[in-house]
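Reader: Could you walk me through the pockets and salt bridges of this model, please?
Author: Gladly, let us look at it together.

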Amino acid sequence: MSQNLTIALIREVFFGEGAAERLMERLAEARTAGARLALLPELPVDPWVPCTRKPSDADAELPGGRRHQMLSDCARRTGVSFIGGAIVKDPVSGDRHNTALFYRNNGELSLSYGKVHLPEEPGFWETSHYRPSSNPPGIFPIGGFKLGLQICSDANRAQGTQWLAAHGAHAMLNPRATEAATYQRWRLAFRAAALMAGIYVLSTPRPRPEEGVLLGGCSVAVDPQGEVILETEDTVSVVTLSASEVLRARKGYPGYLDYPAAAYSEWWER
């Protein structure tokens with residue numbers, strides 16, 4: 001496989017008039033910078049609707065809805081693969097999930113992953129808008145790398161990132177919507193997750209306050225040794241992952257430690 005993969009972190013959201021055109025402009029910037037993949041923030045094509053407890057039918061859509069179509073068209077027209085997202089309604093159960101959507105550069109939806117860990121507090125009334133998913137973190141291949149998806153609060157439970165690493169993922173990508181004032185806590189969580197799992201961790205936030213919620217913070221990338229290698233408020237930034245760095249981390253301490261899954265399961269059952 002290729003030894004390196006360049007990923008763009010796009011710190012911007014895309015809704016309202018001209019949203020598709022603005023997204024394509026940013027994707028074109030990512031492509032010019034050498035990125036093969038781009039990571040957008042959490043729910044990037046809508047306002048931050050969990051700022052209130054009141055859900056709306058218009059906030060969500062069935063698979064293939066207008067948001068899906070917009071994201072697919074932007075991937076196909078720019079030739080850039082990326083992770084977007086939407087609140088997706090299950091056509092059978094009617095349950096709504098905060099869903100990360102991975103589109104390949106031909107416009108194909110290749111992976112959907114629903115957020116598992118949902119806050120419920122001022123500015124983040126998420127359980128009022130959608131249900132937690134029960135599926136494991138998503139993994140997809142690109143350029144010979146295996147990449148894993150989690151969403152925002154999922155990163156505050158280490159098991160998911162470790163599950164991804166145990167399944168061969170080289171990186172965990174984390175679209176998020178977090179308050180600027182809490183950024184240092186997220187930075188610490190990302191560093192710990194990367195170090196404990198021997199995996200890259202990349203995260204892109206919603207960039208600015210919305211409806212009184214003081215959203216913001218840096219785009220950040222952490223290497224498998226737990227060192228921050230990118231930290232910026234730039235709208236588009238790029239970072240290059242190295243497969244050899246992941247291998248080095250897995251062979252060193254604590255990367256080589258076992259994952260005794262059966263023992264963990266027994267302990268949780270107790």
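**Pockets, a buried residue and salt bridges**

Author: The largest pocket has a volume of about 540 Å³. A pocket here is an open set of points on a 1 Å grid over the protein atoms alone, where a 1.4 Å probe fits, with protein on both sides within 12 Å along at least five of seven lines. Points are joined across faces, edges and corners, and the volume is the space filled by probe spheres set on them. This is a predicted model, in which local features need pLDDT of at least 70 and side-chain atom pairs count only at pLDDT 80 or more, while totals for chains, interfaces and linings use all residues. Residues are numbered from 1 along each chain as its sequence is written, and side-chain values use heavy atoms, with hydrogens and water left out.

Reader: Which element gives the largest share of the lining of the largest pocket?
Author: The lining has 20 residues, with Gln-159, Gly-160, Gln-162, Trp-163 and Trp-268 nearest the centre of the pocket; lining residues have an atom within 4 Å of a point. Two or more of them come from each of helix H3 (158–166) and helix H6 (261–269), where helices (H or I, at least four residues) and strands (E, at least two) are DSSP runs numbered from the N terminus. The largest share, five residues, belongs to H3.

Reader: How many charged residues line the second largest pocket?
Author: That pocket holds about 450 Å³ of space, and among its 16 lining residues Pro-119, Glu-121, Ser-153, Asn-156 and Trp-186 are the closest to its centre. In the classes used, Ala, Val, Leu, Ile, Met, Phe, Trp, Tyr, Cys and Pro are nonpolar, Asp, Glu, Lys and Arg charged, and the others, Gly among them, polar. The lining of the largest pocket divides into 10 nonpolar, nine polar and one charged. For the second largest pocket the lining has six nonpolar and five polar residues, and the number of charged ones is five.

Reader: Is Asn-174 buried or exposed?
Author: Asn-174 sits in strand E11 (residues 171–176). Leaving out residues up to four places away in sequence, its contacts (heavy atoms within 4.5 Å) include Leu-39, Cys-152, Phe-190 and Thr-204. Buried means under 20% relative accessible area, exposed over 50% and partly exposed in between (1.4 Å probe, protein chains only). Asn-174 has 0% relative accessibility, so this residue counts as buried.

Reader: How far apart in sequence are the parts that Glu-12 and Arg-208 tie together?
Author: Their side chains meet in a salt bridge at 2.9 Å, N to O, the rule being a side-chain nitrogen of Lys or Arg within 4 Å of a carboxyl oxygen of Asp or Glu. Glu-12 is buried at 12% relative accessibility, whereas Arg-208 is partly exposed at 39%. Because Glu-12 lies in the loop between strand E1 (4–10) and helix H1 (19–32), and Arg-208 in the loop between strand E12 (200–205) and strand E13 (219–222), the sequence separation is 196 residues.

Reader: What separates Glu-29 and Arg-26 in helix H1?
Author: These two form a salt bridge, with their closest N and O atoms 2.6 Å apart. Glu-29 is partly exposed at 36% relative accessibility, and Arg-26 is partly exposed at 25%. Since they are three residues apart in helix H1, the separation is about one helical turn.
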